[in-house]
Amino acid sequence: IRDFCLSRGLGDVYKRQPPLPLASTTSTAGKFLSSVNHSMRARAQEFVLAEKAISCFEHQRLFSAYKRVSDDRNKIALKESEEEIYTVYARFCLEKNVNPLPVIAQMANAPTALLVDTYRLSDEHAIVLAKVLQHFSRKIHTILLRANSLTDAGSAAIVRAVDFETTSSFRIEQNLVHNGFLRDFAANLAASSTDRFVLKEFSLANCRVMCPNLAGGILKLLLENSDRFRQLEYLHLEGLKSGFNDSVINLLVDFANSGSLIFLDISSNNIDAPTLRLLFTKLVANKNLRHLNVAWNNMKAPGQETSKAVKTLLMEHESLLHLDLSHTNLTGEDAVIVAEAVRDSRAIQALH
């Protein structure tokens, strides 16, 4: 850091701050540095310096210094839009008194997307990202936060900041969602005055759910706002493990029948055979669904009642192309019934 400052004419800034050691392999930046390819080491070194320097310099001086280093070495040609992203993120980090993390860099290359995959985030970092979402609400169309160890407070902060008028894909996966997330999702929808959202994909896949009524609460909100969510095509609710009773299935089917849903994944939710039979029976009237995944639930029932409901669905549904029944405890008799339906179906193309 000292050499970086002195070589760039920032010695006066450095003198006001204690020296910082170069990132070790146990630090965030050090892990990033050690993981990159050797040919990218020069660029990674600049990243380490920039990340460490944020805690030393005012954000404007940091970025101007980082820009000069990058330009001098012809490594990175930063655009004005990229400067704005880094500067805004640094300012929000300073306001919340948290160390910046290397989670915003991809926005410089793809300013319409916020993608944070398998990177641990505290509640404070989630709040900073929420501020970034609000600041760039008209630019960001894709949001993915997967396996970030988010608490309910962090997830709630994110969903509260999403602008569903411009966001086409919203995915919070493998994080914790609870009543706070549900409450702020409802508040976000209530605060919006638009009559049409552009959201096409919504996912809570494999989230840890602390309240058994979360799935029902989400589906109730979607159904109540079905006219605004008419463009929603992909719905991922797999791996929530609980909450899918008959009333929730009724909400789910009513929403699927009211809009443009073509993809539905409710696998791994401990759904029992009678509830699945209700789902298959009610989906017969659906006109849009093309992909249905109910894997890792329990279809085993006396008299093959569930598989008979599947047969009716396959024979009468005119657009269902893909059905996943894997790991649902089907017996040999069930398999024969489903196979006959596949043979005679006019639409189905793939069965698992």
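Aromatic rings of Phe, Tyr and Trp were taken to pair if their centres lie within 6.5 Å. In this predicted model, the count by this rule comes to nine aromatic pairs. One of them is formed by Phe 185 and Phe 202, which are stacked at 5.7 Å centre to centre with 25° between the planes. The pair links distant parts of the chain, with Phe 185 in helix H10 (residues 179-191) and Phe 202 in strand S5 (residues 201-203), 17 residues apart. Both Phe 185 and Phe 202 are buried.

The rings of Tyr 234 and Phe 263 form a tilted pair, with centres 5.8 Å apart and planes at 40°. Tyr 234 belongs to strand S7 (residues 234-236) and Phe 263 to strand S8 (residues 263-265), so this pair ties together parts 29 residues apart in sequence. Tyr 234 is partly exposed, at 32% relative accessible area, whereas Phe 263 counts as buried at 15%.

Phe 185 and Phe 202 also belong to one aromatic cluster, together with Phe 164, Phe 170, Phe 181, Phe 197 and Phe 229. Elsewhere, Arg 91 lies over the face of Phe 92, at 4.8 Å from the ring centre.

The buried residues of H15 are Asp 334, Ile 337, Val 338 and Ala 341. Seen down the helix axis, these residues fall within an arc of 95° and so line one face of H15. They pack against helix H14 (305-316) and strand S11 (350-351).

The structure holds zero disulfides. Cys 93 is buried, with a relative accessible area of 1%, and Cys 211 is buried at 5%.

How values were computed
Residues numbered from 1 in each chain as written. Predicted model: local features only at pLDDT ≥ 70, side-chain atom pairs only at ≥ 80, totals over all residues. Heavy atoms only, no water. Buried < 20%, exposed > 50% of the residue type's maximum accessible area, 1.4 Å probe, protein only. Helix = DSSP H or I, 4+ residues; strand = E, 2+ residues; numbered from the N terminus. Arc of directions from axis to C-beta. Contact = heavy atoms within 4.5 Å. Disulfide = S-S within 2.5 Å. Phe/Tyr/Trp six-rings, centres within 6.5 Å; stacked < 30°, edge-to-face > 60°. Lys NZ or Arg CZ within 6 Å of the ring centre and 35° of its normal.
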